[in-house]
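Please keep the sequence and the structure in view while reading.

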Amino acid sequence: MSEDAAVESVRYDILVPGSSLAMEGCFLGISTIVLIEAGGKRALFDCGHFTTRRLLLAALRERSLAPSDIDIVILSHAHFDHALNIDLFPDAQVYLSQEEWDYIQAPFPDDPATPPYIADILRKTSLVLIEGEVEILPGVTAFPTPGHSPGHMSLELVSSAGAVVLAADAVKTAREALSGIPDMEMDPKQRAAASLQEVLRRGRTIVPGHFPPLTRHDDGRITWSEIQVAQLLLR
């Protein structure tokens, strides 16, 4: 497919906006979930967990979609807040990096975010393991961004307005993008800072894992226009 055709075919839509909302001793784990349409297929980039389950299902219904309409789920990594709703998509192909798959067979004992049973859950899916940089759909390329987890990967989408990078937790927040200092690195090879810079190098628009979209300008400035909104209900 030509690049022009790929530009026309790739669409993305943020179904669940990520948030960095936290409380003393814990965080809510609201990760960004993105719908991608390319090459006649529908894919999700990450699928969240039980905290965002109803939000995800409602967002699909608002677009006249059901979980059965999703052909592919691409998991940036296997942390609970990005992967535990995978049971909603039993018929979808599930993409994960080989390095992440290898890691989750025996997660680090002090890893606070990788469920020890996630490998067993993913074994029940139509799992596709990938290595390196791979074009999953026309104009949709997965590339390694290890650091937050050993096998983390992000997506680059072809766009007429410049490349869009769905960063997931390679760039979680604007603070990370502005400071260049990654938070919660769980990679013994300490590759998170290099991965963060690779995301910033590639993306004109960057969709973080726990923050509204960022824009990288020609002069290096990083800006954003949306704010994080959380309606707190006390029951």
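## Strand 10 and its neighbours

Strand 10 and strand 11 (residues 153-157) pair in the antiparallel sense over five bridges. Two strands are said to pair if DSSP finds at least two bridges between them. Strands (E, at least two residues) and helices (H or I, at least four residues) are DSSP runs, numbered from the N terminus. Within this pairing, Phe143 stands opposite Ser154 in strand 11.

The model is predicted: local features need pLDDT of at least 70, and side-chain atom pairs count only at pLDDT 80 or more, while totals for chains, interfaces and linings use all residues. Residues are numbered from 1 along each chain as its sequence is written, and side-chain values use heavy atoms, with hydrogens and water left out.

## The hairpin

Strand 10 also pairs with strand 9 (residues 134-137), in the antiparallel sense and over three bridges. Val134 stands opposite Ala142, and the bridge partner of Glu135 is Thr141. Strand 9 and strand 10 form a hairpin with two residues between them. In the turn, Gly139 has a positive phi of about 80 degrees.

Which order do the strands of the open sheet follow? The seven strands have the order 9-10-11-12-13-14-15, with mixed pairing. Strand 9 and strand 15 (222-223) are the edge strands, because each pairs on one side only. In general, strands of a sheet pair through backbone hydrogen bonds, either parallel or antiparallel.

Strand 10 (residues 140-144) is mostly covered, with four of its five residues buried. Buried means under 20% relative accessible area, exposed means over 50%, and partly exposed lies in between (1.4 Å probe, protein chains only).

Arg202 lies over the face of Phe143, at 3.9 Å from the ring centre. A charge sits over a ring if NZ of Lys or CZ of Arg is within 6 Å of the ring centre and within 35 degrees of the ring normal.

## An aromatic pair

The structure holds three aromatic pairs. In one of them, the rings of Phe27 and Phe80 have centres 5.9 Å apart and planes at 55 degrees, so this pair is tilted. Rings of Phe, Tyr and Trp (its six-membered ring) pair if their centres lie within 6.5 Å; planes under 30 degrees apart count as stacked, over 60 as edge-to-face and the rest as tilted.

Phe27 lies in strand 3 (residues 26-27) and Phe80 in helix 3 (residues 80-83), so the pair ties together parts that are 53 residues apart in sequence. Phe27 is partly exposed at 37% relative accessibility, whereas Phe80 is buried at 19%.
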